[in-house]
2 protein chains.
Amino acid sequence: MKPKITLKDIARELEVSISTVSKALKNSEEISRDTKEKIQAFAKLYNYRPNNIAISLKNKRTKNIGVVIPDIVHHFFTTVIRGIEKYANARGYNVIVCSSDESFDREVINMEMLANGSIDGFIMSLSSETQLKNDYNHLKEVTEQGIPVVLFDRITHEVECDKVIIDDQLGAYMAAKKMIDQGRKKIGLITTADYLSVSKERTDGYRKALVEHGLEIDESRILKLSSMDMDEELIENFFESADMDAVLCVNEIFAVFGMRLMQKKGLRIPEDMSFIGFTDGFLSQYANPSLTVIAQHGQKMGEISAQMLIEKVESEAEVETYQTKILEPTLVVRDSTIN
Amino acid sequence: MKPKITLKDIARELEVSISTVSKALKNSEEISRDTKEKIQAFAKLYNYRPNNIAISLKNKRTKNIGVVIPDIVHHFFTTVIRGIEKYANARGYNVIVCSSDESFDREVINMEMLANGSIDGFIMSLSSETQLKNDYNHLKEVTEQGIPVVLFDRITHEVECDKVIIDDQLGAYMAAKKMIDQGRKKIGLITTADYLSVSKERTDGYRKALVEHGLEIDESRILKLSSMDMDEELIENFFESADMDAVLCVNEIFAVFGMRLMQKKGLRIPEDMSFIGFTDGFLSQYANPSLTVIAQHGQKMGEISAQMLIEKVESEAEVETYQTKILEPTLVVRDSTIN
DNA sequence: AAATGTAACGAAAACGGTTTCGTGTTGATA
DNA sequence: TATCAACACGAAACCGTTTTCGTTACATTT
């Protein structure tokens, strides 16, 4: 085992001072050619690498980004992470990922763990419990300490910081309009509770599309699931009781599950009932029939979030200004709707 | 903006020394009741939190784990991360996630970034390019520096370290046997190149099952895709030309895609052809018909990896001993095989 | 010869903690 | 009354860097 070599080691071996070594390795003009070459050669030979922790302590900058998301095992969030990683790594930043598991407490704990010097800034999406409790003190504390925060997808207006979202209302509107344009009149909606910022927006978009096109809104065609997990029975009952010829779902799982239910009943998709979901993941691509979806562009969202955060981290600006970027969703037409 | 408060700040305000503050906050016996109470109250009031970086520098321990995986947007790997996170967080460790994106260079770069003090140890799964090049010097360098490494799933025997895998050969064997037991005689295999450790093992298990049950191996029923991405045309041709009544696939995407192809041709699943895949993800659960799979227990694998790593990190043992844990795969029977 | 300039390097502080080893004060003991 | 613990606290080293500010020694200028 060969232990890591430090500046002090080099200084001792070469009988110079630590400062000389430090400067020589930075190619400082202060140091003579000879000395620099000698030191650089020695450092290379022994594979010297500066200790990141020491540098962090000195610079008060860690080059780490803290990412706190509700769920790692979720296609949308992983694509966002990929985007964050891509941008951040290219700029020499590492990404520390913490999952809140949809729990308020875990969100708070994770933030506290990271906020004491481990990271330069946060990128996060709120847990459902946080949005339900409507308590954002942990976020406010962090921003008050001057740690930059970027909120994406599941955001709140209670906290002043940069935000990145897609236009969820528009996305739902586009989806509903697509179905209306194809002659569907009885369009249903499967969503989750309104306290989730995205669900509310999507529901609004759905309603808006129907109203604008002269369709009345039948509340029996709207199913609100209380949580993110599948309650299969509720969905089954919904499909039994509601009279629909098209369904918009706020995620791909609800949609794919619904399609299977309908197929078991002998209905044809999209002829007898069409489906549109949110999130353009594997499930949508490989479902049978493949699922038409509103793509949320997770990777793009991640890249933009990282960009906004790093800009804030590296900016020296005294006066803070915050912006909210709204990405356009895209309708990806597949076989669960008529082309 | 209220900046972070340090020991020095407290010491100055309370007119005591830094060491006294430090000890008081640790409830040291050395400090009198009065002083401790005064200091603790002050620290609480101003919400003092020790700076992680300073502690890391002093202790030479970061409480960070570096995780390097080939792909974040992949169900199996995300479940592993979830397992790592769960175990690590409970022990006060953070998880730094880096994706190699199946690239050797990115794997090396990421490891180098983290190896200079940022982490206490690595948990990783090799990129396909690394397994193809068969070059593990970056791993050896790290272990030689005394940084513990745990390899999972995609491993190599070239590096001495702890390892966690599932018995891939047994998994494939179980799957093939399941099909044989149901009377299938013409069992195909869709896999990826042999340089991927897991693919090789699975192919071996498939062959073993066939041979042991008196079925001859027809090489035309084995499709080897060169990479992890879907080459749809190759798969279509394969299904056109090979005469099969069952197919084993090394991942769920190949299987689900294959099922859809067969359904389009009017074949019934599982009656006319049965399918088994690897990885128990959303795709398998929500496919139509749902897919029988060999579950790899990613979360468990993550937890065990984290446990093994943290044990090594925290152990003072002089002499290193390494172990390889082999998890048992599970056959999850669904509707793509006859029950 | 004295004053000045410059090249090349080192000492030391700083980042924010932990920890070891004093040291001054008190009260009890011989 | 001199001695000695025990108590309560502070000084300083240390972790590995960076960076400012000397300080030499020598060459150049007047």
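**Exercise 1. Are B:K312 and B:D162 buried or exposed?** Work out also what joins the two residues and which elements they belong to.

*Solution.* Keep in mind that this is a predicted model.
Step 1: buried means under 20% relative accessible area, and both B:K312 and B:D162 are buried.
Step 2: look at the charged ends; B:K312 forms a salt bridge with B:D162, with the closest N and O atoms 3.1 Å apart.

**Exercise 2. Find the salt bridge between B:K186 and B:D243, and classify the accessibility of each partner.**

*Solution.* Step 1: the side chains of B:K186 and B:D243 meet at 3.2 Å, N to O.
Step 1: this pair links distant parts of the chain, 57 residues apart. B:K186 sits in the loop between α9 (168-181) and β6 (187-192) of chain B, while B:D243 sits in the loop between α11 (232-241) and β8 (246-249) of chain B.
Step 2: B:K186 has 27% relative accessibility, so it counts as partly exposed. B:D243, at 45%, also counts as partly exposed.

**Exercise 3. Which class of accessibility does each partner of the salt bridge B:K23 to B:E30 fall into?**

*Solution.* Step 1: the closest N and O atoms of B:K23 and B:E30 are 3.4 Å apart.
Step 1: exposed means over 50%. B:E30 counts as exposed because its relative accessibility is 61%, whereas B:K23, at 30%, counts as partly exposed.
For context, the structure holds 34 salt bridges over all chains.

**Exercise 4. Describe the surroundings of B:S290.**

*Solution.* Step 1: B:S290 is found in the loop between α13 (282-286) and β10 (292-295) of chain B.
Step 1: its relative accessible area is 7%, so B:S290 is buried.
Step 2: list its contacts, leaving out residues up to four places away in sequence; among them are A:R260, B:R334 and B:D335.

**Exercise 5. What is the strand order of the open six-stranded sheet in chain A?**

*Solution.* Step 1: the order is β7-β6-β8-β9-β10-β12, with mixed pairing.
Step 1: β7 (222-225) and β12 (330-332) of chain A are the edge strands, each pairing on one side only.
Step 2: zoom in on β8 (residues 246-249) and β9 (residues 274-278) of chain A, which run parallel and are joined by three bridges. Here A:V247 stands opposite A:F275 in β9(A).

Definitions and conventions: Residues are numbered from 1 along each chain as its sequence is written. Chains are lettered from A and ligands numbered from 1 in the order in which they are written. This is a predicted model: local features need pLDDT of at least 70, side-chain atom pairs count only at pLDDT 80 or more; totals for chains, interfaces and linings use all residues. Side-chain values use heavy atoms; hydrogens and water are left out. A salt bridge is a side-chain nitrogen of Lys or Arg within 4 Å of a carboxyl oxygen of Asp or Glu. Buried means under 20% relative accessible area, exposed over 50%, partly exposed in between (1.4 Å probe, protein chains only). Helices (H or I, at least four residues) and strands (E, at least two) are DSSP runs, numbered from the N terminus. Contact means heavy atoms within 4.5 Å. Two strands pair if DSSP finds at least two bridges between them.
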